[in-house]
Each structure stands twice: as structure tokens, then as C-alpha cells.
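Please read them with the structure open.

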Amino acid sequence: MSNYKQPISALIVIYTPALDVLLLERADFPGYWQSVTGSRDGNESLRETAIREVAEETGLDALRYVLTDWEVQNVYEIYPQWVHRYPPGTTHNTEHVFGLQLPQQAAVQLSPREHLRYQWLPWKEAANIVFSPSNRAAILQLPERIQHG
């Protein structure tokens with residue numbers, strides 16, 4: 001079993017009907033805010049990756065809420081500070097975007113190894129502070145993605 005990450009990941013935007021967005025501050029790069037994200041493990045489906053990453057990074061059970069595959073894929077160059085985590089010669093990652101709608105803001109249980117703090121912000125503010133362009137683009141899609149019901 002390789003210790004390298006697969007260059008296939010899930011990005012999960014966690015939000016409320018009021019369009020508040022949960023952001024996490026990275027432990028390895030303080031000041032870098034992001035949505036839940038993580039690489040696929042083994043042969044799990046991308047939905048399974050999303051469910052696992054939400055549980056690992058927030059303690060939330062995604063199966064209790066509305067988890068939607070947005071059917072958006074972003075291919076991007078892996079940031080230099082993280083390229084060592086991937087197999088030698090890997091330069092790009094394919095990220096699959098999901099949305100997770102909670103009925104209202106919730107307290108989360110962070111993994112201290114991964115994140116320092118969390119905050120809920122209105123979607124436009126959240127989009128302005130995430131460091132990843134693909135994360136920003138996903139948050140900006142929220143008004144058209146909102147699941148009413």
C-alpha cells in the first residue's frame with residue numbers, strides 16, 4: 001500500500017439554506033481557509049470519499065444531511081508545498097465538487113492534526129477568504145445550487 005495520496009479528491013462545500021458556509025483553517029498553513037477536502041482512499045467511490053472526509057474533518061455524519069454531487073471536476077496543478085505527498089512525477093489533481101446542506105449552522109469537531117479553527121461565514125465573505133480558486137468558484141455557485149425543500 002502506497003503512502004502517497006491519489007491525485008483524485010473531493011471538495012465538499014458545507015452550507016445552510018441561508019447560504020452560510022463552513023470554513024476550516026489549515027493546521028499546516030495557518031491563515032489558509034478552505035472547505036472540507038481530501039484525497040480518495042483505495043477504491044472508494046467519490047461519494048464515499050466525501051462522506052469520510054466530512055466525518056474526519058468535522059465530525060459530522062454527511063448521511064444525515066443533503067449531500068449532492070455537483071458533477072463538477074476541477075483539474076489543477078498541485079501546490080508546490082504539497083506535491084511531495086503524491087507519487088513522483090504527479091503534477092495535477094482532479095477534484096470532484098460536492099455540496100452538503102445542513103438545516104442550520106452546527107458546531108463541528110475538528111481534527112487538530114488538520115485544522116486549527118472553523119468559522120461560518122456568509123457565502124460571499126467565505127468565497128473571498130478561501131485560498132483555492134476552485135473552492136472560491138464552488139462557493140460562488142451556491143445561490144444556484146441551493147436545495148430547497
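1. Basis. This is a predicted model, in which local features need pLDDT of at least 70 and side-chain atom pairs count only at pLDDT 80 or more, while totals for chains, interfaces and linings use all residues. Residues are numbered from 1 along each chain as its sequence is written, and side-chain values use heavy atoms, with hydrogens and water left out.

2. Terms for elements and exposure. Helices (H or I, at least four residues) and strands (E, at least two) are DSSP runs numbered from the N terminus. Buried means under 20% relative accessible area, exposed means over 50%, and partly exposed is in between, with a 1.4 Å probe and protein chains only.

3. Aromatic pairs. A pair of aromatic rings is described by the distance of the centres and the angle of the planes. Here rings of Phe, Tyr and Trp (its six-membered ring) pair if their centres lie within 6.5 Å; planes under 30 degrees apart count as stacked, over 60 as edge-to-face and the rest as tilted. The count under this rule is 6 aromatic pairs. One of them is Y32 with F131, a tilted pair with 4.7 Å between centres and 50° between planes. Y32 sits in the loop between β2 (20–26) and β3 (33–34), and F131 in the loop between α2 (123–129) and α3 (133–140), so this pair ties together parts that are 99 residues apart in sequence. Y32 is partly exposed, at 29% relative accessibility.

4. Why does the pair of Y79 and F131 count as edge-to-face? The ring centres of Y79 and F131 are 5.6 Å apart and their planes are at 70°, so the pair is edge-to-face. Y79 belongs to the loop between β5 (66–77) and β6 (92–101), and F131 to the loop between α2 and α3, so parts that are 52 residues apart in sequence are tied together. Y79 is partly exposed, with 25% relative accessibility. Y79 and F131 belong to one aromatic cluster with F29, Y32 and W82.

5. The loop between β5 and β6. V83 is also placed in this loop, and V83 is partly exposed at 34% relative accessible area. Contact means heavy atoms within 4.5 Å; leaving out residues up to four places away in sequence, V83 touches I78 and T90. V83 and K5 are 78 residues apart in sequence, and their C-alpha atoms are 9.6 Å apart in space.

6. Helix α1. The expected span of a helix is 1.5 Å times one less than its number of residues. For the 13 residues of α1 (residues 46–58) that gives 18 Å, and the end C-alpha atoms are 18 Å apart, which agrees. The buried residues of α1 are T49, A50, I51, R52, E53, V54, E57 and T58. What covers these buried residues includes β1, β2, β4 (36–39), β5, β6 and β7 (115–122). After α1 comes G59, with a positive phi near 80°.

7. Salt bridges. A salt bridge is a side-chain nitrogen of Lys or Arg within 4 Å of a carboxyl oxygen of Asp or Glu. By this rule the model has 8 salt bridges. E25 and R117 form one of them, at 2.6 Å from N to O. E25 is in strand β2 and R117 in strand β7, so the bridge ties together parts that are 92 residues apart in sequence. E25 is buried at 5% relative accessibility, whereas R117 is partly exposed at 47%.

8. R52 and D41 meet at 3.5 Å, N to O. R52 is in helix α1 and D41 in the loop between β4 and α1, 11 residues apart. R52 is buried, with 17% relative accessible area, and D41 is partly exposed, with 43%. D41 and R52 are part of a network of salt bridges that links them with E44, E53 and E56.

9. A further salt bridge. E114 and R113 meet at 3.9 Å, N to O. R113 is exposed, at 69% relative accessibility.

10. L19, which is not a glycine, has a positive phi of about 65°. L19 lies in the loop between β1 (8–15) and β2 and is buried at 14% relative accessibility. E71 is a residue other than glycine with a positive phi, near 55°. E71 is in strand β5 and is exposed at 70% relative accessibility.
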